[in-house]
Amino acid sequence: MTVDALREYCLKKSREVTEGFPFGEDVLVFKIHKKIFLLLRLDVHPHTINLKCDPERAIELRERYNAVQPGYYMNKQHWNTIVLDGSIPSGEVKAMMDHSYELVS
C-alpha cells in the first residue's frame with residue numbers, strides 16, 4: 001500500500017479525520033475526534049504504520065504476519081506496528097486500519 005493510497009483511504013473515512021505532523025516531519029498522524037488512530041513513519045523504508053488494536057486481536061495478527069510487530073514507541077498491548085513491505089494483502093491492511101479507526105471513534 002502506497003503512502004498516497006493510505007492517506008486517501010484515511011481521509012475518505014470521515015470529514016472529521018484530520019492529519020498533521022505533531023511529532024515532527026517524519027511522522028504523519030491521522031486522528032478522529034482528536035484521538036490518534038494511525039501514525040505513518042515516513043523516514044523508514046519500507047514505511048511503517050502504527051495502529052490501535054484490541055489486545056487479543058493484536059496477538060493473533062502478530063502470530064499470523066511477520067510484518068506485524070508490537071507497537072513501536074506505543075503501548076504494546078494496544079498498538080501494532082505494521083511494516084508496509086507488501087507481505088500483507090492491502091485488504092487486510094485496510095481492515096486493520098478500519099479496526100483502529102473504530103476503536104477510537
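Residues are numbered from 1 along each chain as its sequence is written, and side-chain values use heavy atoms, with hydrogens and water left out. In this predicted model, local features need pLDDT of at least 70 and side-chain atom pairs count only at pLDDT 80 or more, while totals for chains, interfaces and linings use all residues.

Helices (H or I, at least four residues) and strands (E, at least two) are DSSP runs numbered from the N terminus. Two strands pair if DSSP finds at least two bridges between them. Strand β1 (residues 17-20) is joined to β2 by four bridges in an antiparallel arrangement, with Thr 18 opposite Lys 31. Six bridges join β2 to β3, also antiparallel, and here Ile 32 faces Lys 35. In the hairpin of β2 and β3, two residues lie between the strands, and His 33 has a positive phi near 55 degrees. Because five of its six residues are buried, β2 is largely enclosed by the rest of the structure; buried means under 20% relative accessible area, exposed over 50% and partly exposed in between (1.4 Å probe, protein chains only).

A nonpolar core is a set of buried Ala, Val, Leu, Ile, Met, Phe, Trp, Tyr and Cys residues joined through side-chain atoms within 4.5 Å. The largest one has 26 residues, and Leu 6, Phe 37, Leu 38 and Ile 49 have the most contacts inside it. Helix α3 gives the most to this core, with five residues.

Asn 50 belongs to strand β4 and is buried, at 6% relative accessible area. Beyond its neighbours within four places in sequence, Asn 50 is in contact (heavy atoms within 4.5 Å) with residues including Phe 37, Leu 38 and Thr 81.
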